[in-house]
Amino acid sequence: MQPFIDRLIANGAFAGMPVEVVYALMMILFGVLVVFGFFLPIAGVTSWLERRVWARIQSRIGPNRVGPQGFLQWLADGIKLLLKEDIVPDAADRPLFLFAPYFVVWGIVATFVVIPFSSSLIIADMNVGILYLTAVTALVVVGVLMAGWASNNKWSLIGGIRSAAQIISYEIPASLALLPIVLLSGTLSTQGIIAAQGWAPWHWFAFHNPFTFIAAFMFYVAALAEGNRTPFDIPEAESELVAGFCTEYSGFRYLLFFMAEWGNLYVIGAVATLLFFGGWQVPAWTSNTVLLNISQFGVFFLKSYFWVFISMWVRATLPRVRVDQLMILCWKYLVPIGFMNLIGTAIWMVVWPQGNRVVQYGLVILTVAVLVQFSRRVRFHLRRARPELYYSPAI
Amino acid sequence: MAKNDIARYFKNIKDAVATIFEGMTVTCSHFVRKPYTIQYPDRVPVRIQDTLPFRYRGILEVDLEICTGCLACERACPIDCIVIDAPKDQKTKEMLLTRFDIDIAKCMYCGLCSEVCPTGSIHHTTEFEGADFSLESMIRRFVKAPVVAYKAKKEGETDPVVAPILERGMRYIQEFAEPADMKKLKAEQKSAAA
């Protein structure tokens with residue numbers, strides 16, 4: 001966004017105002033725009049879509065009454081929660097209890113600062129973008145721990161502690177998974193990483209070499225765990241902990257926790273996309289900057305929403321892991337594999353500084369082959385079960 | 001030992017990937033399956049009540065035309081939700097039904113009353129939407145004005161109004177006491193024994 005503001009200043013749009021004030025004002029303006037124009041609707045729509053997707057997987061229909069196909073369900077739910085009483089338990093640590101949800105939302109919303117929606121649509125292209133991203137998402141754990149502690153409830157406390165253990169553990173594989181990309185692109189800036197990739201799949205970092213290919217999936221798994229998503233949602237495991245750290249919350253504050261969760265889903269998808277799947281890269285099909293940016297935004301949004309969709313699908317498929325299984329997965333499997341990826345990528349860069357074209361094409365072909373096998377298995381299950389088919393997503 | 005551990009380590013990874021892949025294919029196939037949900041009550045092609053089987057144990061109903069006033073149902077009811085007053089008319093020596101109340105709020109739909117009924121007068125319907133605003137309104141009062149109790153005729157029923165009701169009642173008893181699938185089962189057992 002900075003070049004845009006610089007141009008405005010150069011054109012004399014803010015004559016007589018100190019440059020710092022203009023920057024601060026514009027930053028707040030864009031921040032508000034992103035939060036209210038993008039984060040809130042995307043979190044809401046995701047909550048609706050998630051329920052619809054689960055419903056189809058479970059042979060149900062899901063919310064379909066509010067608006068066309070139940071699309072406005074999220075608004076109804078949001079308004080309902082806003083109108084509910086905001087209960088603070090007597091024994092709770094009042095200031096901490098009241099402030100904890102804001103921490104969680106803050107941690108998620110702050111990541112939108114460095115998410116590049118298109119080549120010019122980014123609030124701030126920091127040169128430490130990826131570092132900043134991992135740093136601010138760690139704020140979530142502070143909020144969750146605060147919520148768990150301040151609720152003065154055993155379920156909340158266990159949920160908060162579990163969440164802290166989980167998020168801190170999974171920071172390591174997540175960081176290890178994005179380090180190979182930092183090696184390859186030689187920059188921490190999110191725009192720089194996307195600029196180092198191309199529009200075609202074989203230009204993406206996920207298909208650059210076998211190590212980054214594994215790292216892409218590893219990052220996704222670790223990010224899901226960091227976002228407390230099923231199959232790693234032990235901090236709010238309903239069958240064990242009521243609702244974990246948000247047991248005592250109600251009304252607007254409860255809404256904030258879930259807004260953060262669903263907003264975080266999009267962030268996971270966006271970060272995976274920008275690191276491994278080419279970000280907003282499109283072929284240079286037009287010289288019109290506005291049109292180009294719109295198409296880039298569309299491509300980026302679709303790619304990141306694809307990963308959101310996958311996470312819904314995974315949530316409807318896999319059962320919740322146990323605490324010890326969670327830690328085993330992190331420390332015994334993801335961390336060693338992460339180091340292997342890091343060292344492997346470094347060696348790869350020494351052997352093939354320009355990358356190996358054959359391997360890149362090979363990995364893309366491998367992915368296609370896996371997808372083909374996937375569709376064959378799906379057709380096998382359909383043949384065997386002989387269900388009544390219904391292809392339309394609308395019902 | 002160490003070699004086994006390493007082998008198991010890689011087997012775990014392989015198993016995880018393979019089983020997650022397979023699980024995802026199963027759930028993916030559900031995307032194109034038709035949902036089973038019945039959107040009760042407003043988006044159903046036919047009323048749910050009409051799709052229920054004949055023997056469905058819904059809210060009780062009494063056909064006063066064929067009630068003999070034998071009080072068998074009242075005696076059979078384990079929670080006394082049926083109350084019947086059947087005094088004898090001193091002049092005509094006929095049994096009068098002056099009260100036949102069933103408290104649906106108490107009823108537990110066990111079906112014992114309809115099993116003992118000799119004419120199938122008291123029977124379950126497929127109606128199940130019984131919600132109301134007070135407990136008092138849950139009591140179904142079937143006798144509006146005193147009626148003469150039904151008496152079985154030796155030559156069979158000839159009254160065109162009563163005959164179909166009685167026929168339905170008898171069919172209900174038959175189905176209820178010995179359902180069709182039970183008959184089939186017995187026949188099979190018999191043929192198997194023979």
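The lining of the largest cavity divides by class into 18 nonpolar, 7 polar and 3 charged residues. This is a predicted model. The largest cavity has a volume of about 380 Å³, and the largest pocket one of about 2,100 Å³. Chain A and chain B bury about 2,700 Å² between them.

**Largest cavity**

- How many residues line the largest cavity, and which lie nearest its centre? The lining has 28 residues, and A:Ile108, A:Thr137, A:Glu226, A:Gly227 and A:Asn264 are the ones nearest the centre.
- Six helices of chain A are listed as giving at least two lining residues each: helix 4 (94-109), helix 5 (129-137), helix 6 (139-150), helix 7 (154-185), helix 9 (210-226) and helix 11 (251-276).
- Helix 11 of chain A gives the largest share of this lining, with 8 residues.

**Other cavities**

- The structure has 3 cavities of 30 Å³ or more.
- The second largest cavity holds about 80 Å³ of space.
- Its lining counts 14 residues. Nearest the centre are B:Cys67, B:Thr68, B:Cys70, B:Cys73 and B:Cys117.
- By class, the second largest cavity is lined by 10 nonpolar and 4 polar residues, with no charged ones.

**Largest pocket**

- The volume of the largest pocket is about 2,100 Å³.
- Which residues lie nearest the centre of this pocket? They are A:Phe217, A:Val221, B:Ala16, B:Val17 and B:Ile20, out of 48 lining residues.
- Two or more lining residues come from each of helix 9, helix 12, helix 13 and helix 14 of chain A, and from helix 1 (2-29) of chain B.
- Helix 1 of chain B provides the largest share, 10 residues.
- The lining of the largest pocket has 42 nonpolar, 4 polar and 2 charged residues.

**Second largest pocket**

- The second largest pocket has a volume of about 830 Å³.
- It is lined by 35 residues. A:Leu81, A:Leu255, A:Phe258, A:Met259 and A:Trp262 lie nearest its centre.
- At least two lining residues come from each of helix 2, helix 3 (73-83), helix 4 and helix 11 of chain A.
- Which helix gives the largest share of this lining? Helix 2 of chain A does, with 10 residues.

**Interface of chain A and chain B**

- In the contact set, 32 residues of chain A meet 24 residues of chain B.
- The size of an interface is often given as the accessible area lost when the parts come together.
- Here the buried area is about 2,700 Å², and carbon and sulfur atoms give 66% of it.
- On the chain A side, A:Ser59, A:Arg65 and A:Tyr333 lose the most area to chain B. Together they make up 21% of what that side buries.
- There are 2 salt bridges between the chains.
- A:Arg65 forms a salt bridge with B:Asp42, with the closest N and O atoms 3.1 Å apart.
- On the chain A side, the elements giving two or more residues are helix 2 (19-57), helix 12 (289-317), helix 13 (323-351) and helix 14 (357-385).
- Helix 14 of chain A contributes the largest share of that side, 8 residues.
- The side of chain A that touches chain B has 21 nonpolar, 5 polar and 6 charged residues.

**Backbone points**

- Most residues other than glycine have a negative phi, and most peptide bonds are trans.
- Where is the cis peptide bond? It joins B:Tyr40 and B:Pro41, with omega about 0°.
- B:Pro41 sits in the loop between helix 1 and helix 2 (48-51) of chain B.
- A:Ser59 has a positive phi, near 60°, and is not a glycine.
- A:Ser59 lies in the loop between helix 2 and helix 3 of chain A.
- A:Ser59 is also one of the chain A residues that lose the most area to chain B.

Definitions and conventions:
Residues are numbered from 1 along each chain as its sequence is written. Chains are lettered from A and ligands numbered from 1 in the order in which they are written. This is a predicted model: local features need pLDDT of at least 70, side-chain atom pairs count only at pLDDT 80 or more; totals for chains, interfaces and linings use all residues. Side-chain values use heavy atoms; hydrogens and water are left out. Contact means heavy atoms within 4.5 Å. Buried area is the accessible area (1.4 Å probe) that two parts lose on being put together, summed over both. A salt bridge is a side-chain nitrogen of Lys or Arg within 4 Å of a carboxyl oxygen of Asp or Glu. Helices (H or I, at least four residues) and strands (E, at least two) are DSSP runs, numbered from the N terminus. Ala, Val, Leu, Ile, Met, Phe, Trp, Tyr, Cys and Pro count as nonpolar, Asp, Glu, Lys and Arg as charged, and the others, Gly among them, as polar. On a 1 Å grid over the protein atoms alone, a cavity is a set of points where a 1.4 Å probe fits but cannot get out, and a pocket is an open set with protein on both sides within 12 Å along at least five of seven lines; lining residues have an atom within 4 Å of a point. Grid points are joined across faces, edges and corners, and a volume is the space filled by probe spheres set on the points.
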